[in-house]
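The following exercises are to be worked through with the structure in view. Each task is followed by a solution in steps.

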Amino acid sequence: MALRRLGWPVTVPQGVYVPDRVVRIAQEQAGRVLRSAWWRAEVTAALLATWPADPARRTEGEWEALRAALPDGGAVASGVLLARTRQIAAFQARHSRLPADVTECESAPGAGGQVVLAAADRQLATLQRCPEDPFRYAVLTLRMPLRPDPACRADWHPVRIRFRLPPHVPAAAVLRPPTLRVREGRLLLDVPYAQAVLKPERAGHRRAVAFDWGLNTLLTGGTLYLTDEAQPRVVTDARPVYFRATGVLAKADRLRIHAERIGARIDRLRTLITSRQERGMRPDPWLVAKLAALEAERDRVARRRTRLNAALAKAAARFMTDHAIAAGASVIYLEDLRDMQARGKGRTLNTRLSQTVRGAFVTHVRHRAAAHGIAVVIVPPQGTSKHCPRCLTEFRHHKAPNRRAAGWAWATCPNIACGYSTGRDNAAWQRIGARGLTHQHQTRLDRTAGVFVIRSVVEALDRTGTVQHQTRDRTKSGPTNKRPVPGKRRRVPAPPGNRGPTARRGGKRPAGRTPTHPRHRSRRWSRQQGPNAIGTPVRHQPDGARLGAGFHRHAHTTPTRGWPSHSPERSRTRGIAQETQAD
Ligand SMILES: [Zn+2]
C-alpha cells in the first residue's frame with residue numbers, strides 16, 4: 001500500500017489483463033525489496049560519510065561518529081558494519097576511490113521468483129483445511145491465468161491446490177495465506193500458521209537459562225535463579241550443559257572451502273570463454289560444458305550448505321528451548337551473535353558461522369521459545385568472559401587447568417578468597433545470565449528484529465550480579481558406602497611366567513584385562529595405546545557414522561534433565577543440595 005500512496009504505479013503490458021489484487025501483490029513484494037535496499041543504502045551512506053582513516057581499525061571517536069550517522073539511532077549490529085566496511089574497502093582497493101553509494105558496491109536486488117499471498121484477499125486466494133481430512137491436508141484456492149497472456153477476466157480461473165500439512169502443524173492452528181515458490185519445476189508453499197501461546201514477558205523473571213557461544217563448544221549454558229530475599233542474589237546450580245557440533249561445523253567448513261574452489265574455477269573458465277569471444281572466436285564447447293557442470297555443482301553445494309546451516313540452527317534452538325522448559329525458566333539470555341567479531345572471538349568462528357546463519361540461530365530459538373511463552377533476550381556482550389562470575393575480579397586466561405601459559409580456553413580468578421577456575425565459556429554463560437537477570441527492567445523490544453534486547457550495561461547493577469553456586473553438600477556424615485568391584489576385573493591370579501620364545505611374558509602383568517592390539521582404525525593413534533589407557537579424545541569422532549551421513553551423529557548435547565520436582569532453594573534433600581556460600 002505504501003507504493004500506492006507514494007503514487008508509484010505498476011504498469012501492465014498492453015493487451016494483458018491483470019486483476020488489481022495481483023498488482024497489489026507485486027507492489028507489496030517490490031515494497032519489501034525496496035525497504036531492505038533503502039536500509040542498506042542508509043547504512044552505506046553513513047559509513048561513507050564517516051569513513052575512518054584506517055578501515056581495519058576505527059578509533060573510539062570514529063565509532064561514535066558512525067553510530068550518530070546511522071539510521072534507527074545506531075542500533076545496527078557491529079558485525080554488519082564491519083562486513084559493509086570490508087565491502088567498501090575492497091571496492092576502494094579495486095578502483096582506488098570510494099564508491100558513491102550502495103549501487104556501486106552491489107548489484108540490483110531481485111525479488112527471487114515468489115508470490116507472497118499475505119497481501120491478497122479472499123477474492124483472489126483462500127486457504128482452508130481439507131474437509132475430508134482436516135488434520136493432514138489443506139486446500140489453497142487461487143485465481144491464476146490459464147494462458148501466458150490473459151486478455152480478460154475469464155482467462156483467470158480459480159485453481160485448487162491440495163497439499164499435505166507437515167505433522168508438526170497443530171490441529172488447532174489457524175493457517176495463514178502462504179508464499180508460493182517454484183524450485184526445480186515443483187511448487188513449494190511456505191504456510192505460516194497461528195496458534196494461541198502465552199505472551200513472553202520482558203521482565204519479572206525469577207529463573208533463567210543463559211548460553212554462551214564458543215568455538216570448540218558451540219553452546220555452553222546453565223540455569224540461574226534469583227533468590228526471594230529483599231536484595232535478591234543470583235544463584236546457580238553450576239551444572240553446565242553443552243551443545244557440541246564440531247563435526248557439523250567441520251562439514252560446513254569443508255563445504256565452504258569446496259564452494260570457494262568451485263567459484264575460483266568458474267571465474268577462470270569464464271575469463272577463458274570471454275577472452276575467446278572478444279577475439280571473435282567461438283568458445284571451446286568443452287569449456288562451455290565444463291562451466292555448466294561446475295555451475296550445477298556450485299548450486300548443489302550452496303543448497304547443501306543452506307540445509308546444513310538450517311539443521312544446525314534448528315537443533316541449537318531446540319536444545320536451548322528444551323533446557324529452558326526442563327529448568328522451568330521463563331527467559332533465555334544470549335549474547336548478540338552478530339557482535340561476536342567485535343569481541344575478538346576470532347576469524348575462525350566468523351568464517352564458520354556466516355552472518356545469515358547467526359541470524360537464523362536467534363530467529364529459530366525465538367520462534368521455538370515463543371511457542372512455550374519463554375522470552376529470548378539479547379544481552380550486551382562486553383566483558384562477559386573477562387570477569388569472574390563469582391567476585392567480578394578480572395580473570396587470568398590460560399591454556400588449560402594444568403598449563404599456566406597465557407592462552408584462551410581456561411580462566412582462573414586471581415582473587416585468593418575466590419580462586420574460581422573454570423572453562424572460559426562456562427564462566428561466560430554465568431555472567432550473561434547474571435547480567436540479564438539484574439538488568440531486567442532495561443529490556444526493550446527491538447522492533448526491526450522483533451527480539452527483546454538489553455542495550456546498555458549499568459556498571460552498578462553489573463556489580464550486584466555476582467553469581468553464587470549451589471554446590472552439592474559433600475561433607476562427610478558417616479562411613480563411605482562400599483563400592484561394588486567392577487565386574488571386568490580378573491578374580492584369578494595372573495598367569496605364571498612363561499619363557500618360551502613366542503609366548504608373552506607372564507606373571508608380572510597387573511590384574512586387569514588382557515591388552516589387545518588396536519585393530520580398529522580409530523584406535524591406532526599414538527595417544528590411545530590400548531583399551532586400558534584411552535586418552536581423552538581431542539577430536540570429534542563420529543560414532544558409527546559414515547562420512548556425510550547423519551546429522552545427529554555429528555552433533556552432541558548434554559541430555560535434558562527432567563522437570564525439577566521441588567524448588568532447589570528450599571531443598572535439603574540429596575541430589576539438589578542446599579546453598580553454600582561460595583565466596
Ligand atoms: Zn573470583
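**Exercise 1.** Are Phe-243 and Phe-319 buried or exposed?

*Solution.* The model is predicted, with local features requiring pLDDT of at least 70 and side-chain atom pairs pLDDT 80 or more, while totals for chains, interfaces and linings use all residues. Residues are numbered from 1 along each chain as its sequence is written, and side-chain values use heavy atoms, without hydrogens and water. Buried means under 20% relative accessible area, exposed over 50%, and partly exposed in between (1.4 Å probe, protein chains only). Both Phe-243 and Phe-319 are buried.

**Exercise 2.** Describe the aromatic pair of Phe-243 and Phe-319.

*Solution.* Step 1: rings of Phe, Tyr and Trp (its six-membered ring) pair if their centres lie within 6.5 Å; planes under 30 degrees apart count as stacked, over 60 as edge-to-face and the rest as tilted. Step 2: the whole structure holds three aromatic pairs. In the pair of Phe-243 and Phe-319, the centres are 5.4 Å apart and the planes make 40°, hence a tilted pair. Step 3: Phe-243 belongs to strand E12 (residues 241–244) and Phe-319 to helix H7, so the pair ties together parts 76 residues apart in sequence. Helices (H or I, at least four residues) and strands (E, at least two) are DSSP runs, numbered from the N terminus. Step 4: ring pairs join Phe-211, Phe-243 and Phe-319 in a cluster.

**Exercise 3.** Which ring does the charged end of Arg-424 sit over?

*Solution.* A charge sits over a ring if NZ of Lys or CZ of Arg is within 6 Å of the ring centre and within 35 degrees of the ring normal. For Arg-424 the ring is that of Trp-408, 4.2 Å from its centre.
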